[in-house]
Amino acid sequence: MASGKQTPRQKMINLMYLIFIAMLALNMSKEVLAAFGIMNERMEASNIKTTESNLAFLEGLETKASEDSAKYEKLYKDAQQIKTLSQEYYDYLEGLKSEMMKETEDPKDYAVMDKSDYLDQKFFQGDNLAAGGKEFMKRITDYRTQVAAIVPASIKESIEARFETGDANNGKVPKRDGTMQDWINYHYEGFPQVASLAKLTALQADVKATEEDALKSMLEGELTSQVSLKNFATSLFASKSAFYSGEKYDGKIIISKTDNSSTPVKAELTLDGRKMTDGKDYRLEAGGVKLLIGAGAPGDHTVEGTLYFMQDGEEIEVPVKNAFATISKPNAALIAADKMNVVYRGVSNPMSISIPGIPNNKVSASAPGLTKRNGSSYVMNPGKGRTVKIVASGILPDGQRISTPATFRIKDIPRPSGSVSKQTGSLKLPRRNLEIATISAMLEDFDFDLNLAVSGFKFKVPGQPTVAVNGSKLDSRAKSALKRAKRGDAVQIFDINAYITNNKSYKLKKVSPVVVEITN
């Protein structure tokens, strides 16, 4: 401002100018606080999706471990340990966030979250760390150390960097002025409440990302080992698992890759010690060797020898030693779920139950919730419990009755995702599009096509009261609140009530929310 003597009018102008600058700074501060809040919401939504993805991945690894324990049992145990460590640390961070927000009336009013009292009092005591600060540091270092000891070496460095706490400088990090400060003070002392909330959520996101990286890296390592031709093994594949005496055996020796690049260049094979002839007893084809032999007499038969493949200009040998059985009559039932190796509660699961060599009218099956349609087709509607045992019985041509049990896992329908105009998660829409949009629920990547309907939801516009809506479209109150939304506002649609139209008695898991950013 100008120096020297000033008129009363100039003094008033200068004062108003100072007030104006202060107001601009205040508004900018509120915008920054709101930005932290929106970022926190999006990270929390992302954490939910990553959690679901990791759970699905872990379930797939569990299935692989049950099918091939030699390859996947240790991977599955390591994955379970990482899951346990991650969940414990994630829950600890969630507890900190809950305590921090306990005194906040509206968890979405980020403009008032400008105080730093909670973490300052929780973590620090004068120039030293309080008990809460010591626990926070111990938790992050313990998690980093324990997980890094389990994961493959290829991702250890990234995990240590992700949860780095200034260890290279005795727990200190450089400030902008070149001086050193304790890591925890640098990141958590004196920050606004909403900024600390976002930082804790970011740590939770790092936990979920670490869990995801570990699971993927472990499985990729196993898959890399399997795709090398030097590690290939052979197996027999046929249209059925057993053959009657005198039948033509239609199986072939296959390897993991079944494309033109894996066609053998030659083969040297024997059947029960007898040399086999190319073109008569077998022929080379894409992915393996097609056998042209007869099934032979009842009993076990062995195919041995060597297959030769070309890899990088060199001939690679793959040893063959496989066996098949020829039987004179069936001795076991074949029970298989048409869609997957589990049955879902709340869903009519189609199943096929038959016994080779026995007509369907001589086969019966029983289990709680199992109903026969026709022929070998059944429908399973499981009730309570975690497993269901199906017992199939049949009468052989000689009058002998055989009976075979099979146990299936029962799982609940996975958590639906809320959607706006068939879009889930976080999205951007013009105000008019949201106003006329239909709110629905979807089961993404689910094997059954269930018809879900929405009976109501809650609608939240920043700065406006939450509106409870009946039905699947915005009512007049919600539209009125939407009109007050500004460009860039993140509108939330949550507590979505969904149900299966043809099975309203089944209680679905809580539907994940949708966040819509207004673009105009």
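Which residues does S512 touch, not counting residues up to four places away in sequence? The contacts of S512 are R415, P416, S417, G418 and I496, where contact means heavy atoms within 4.5 Å. S512 lies in the loop between β27 and β28. Strands (E, at least two residues) and helices (H or I, at least four) are DSSP runs, numbered from the N terminus. S512 counts as buried because its relative accessibility is 5%. Buried means under 20% relative accessible area, exposed over 50%, and partly exposed in between, with a 1.4 Å probe and protein chains only.

The model is predicted: local features need pLDDT of at least 70, side-chain atom pairs count only at pLDDT 80 or more, and totals for chains, interfaces and linings use all residues. Residues are numbered from 1 along each chain as its sequence is written, and side-chain values use heavy atoms, with hydrogens and water left out.

The protein chain holds 9 helices and 28 strands. Of its 520 residues, 38% are buried. Among contacts with a separation of 6 or more, 62% join residues 24 or more positions apart. The accessible surface of the chain is about 28800 Å². Carbon and sulfur atoms account for 51% of that surface. These areas come from the Shrake-Rupley method with a 1.4 Å probe; for residues, only the protein chains shown count as cover.

Pockets and cavities were located on a 1 Å grid over the protein atoms alone. A cavity is a set of points where a 1.4 Å probe fits but cannot get out. A pocket is an open set with protein on both sides within 12 Å along at least five of seven lines. Lining residues have an atom within 4 Å of a point. Grid points are joined across faces, edges and corners, and a volume is the space filled by probe spheres set on the points.

The largest pocket has a volume of about 1200 Å³. Its lining comprises 33 residues, of which L55, A56, E59, K411 and P414 lie nearest the centre. At least two lining residues come from each of α1 (8-67), β14 (342-344) and β20 (401-411). Helix α1 gives the most, with 11 residues. By class, the lining has 11 nonpolar, 8 polar and 14 charged residues. Ala, Val, Leu, Ile, Met, Phe, Trp, Tyr, Cys and Pro count as nonpolar, Asp, Glu, Lys and Arg as charged, and the others, Gly among them, as polar.

The second largest pocket has a volume of about 840 Å³. It is lined by 32 residues, with E41, E44, I48, K108 and Q492 nearest its centre. Two or more of these lining residues come from each of α1, α2 (69-101), α7 (193-227), β27 (490-500) and β28 (514-518). Helix α1 supplies the largest share, 7 residues. This lining has 12 nonpolar, 9 polar and 11 charged residues.

The model has 1 cavity of 30 Å³ or more. The largest cavity holds about 70 Å³ of space. Its lining is formed by A45, I48, K49, G425, S512 and P513. By class, 3 of these are nonpolar, 2 polar and 1 charged.

A490 is found in strand β27. With a relative accessible area of 5%, A490 is buried. Leaving aside neighbours within four places in sequence, A490 is in contact with I38, E41, K460, P462, V515, V516 and E517. A490 and E41 are 449 residues apart along the chain, yet their C-alpha atoms are separated by 9.2 Å.

Strands of a sheet pair through backbone hydrogen bonds, either parallel or antiparallel. Here, two strands pair if DSSP finds at least two bridges between them. Strand β25 (residues 452-460) pairs with β26 in the antiparallel sense over 4 bridges. K458 stands opposite A468 in β26. The two strands form a hairpin with 6 residues between them. G463, in the turn, has a positive phi of about 85 degrees. Strand β26 (residues 467-470) has a covered face, V467 and V469, and an uncovered one, A468 and N470.

An open sheet of 3 strands has the order β22-β21-β24, with antiparallel pairing. Its edge strands, β22 (423-424) and β24 (439-442), each pair on one side only. Strand β21 (residues 417-420) and β22 are joined over 2 bridges. V420 has Q423 of β22 as its bridge partner.
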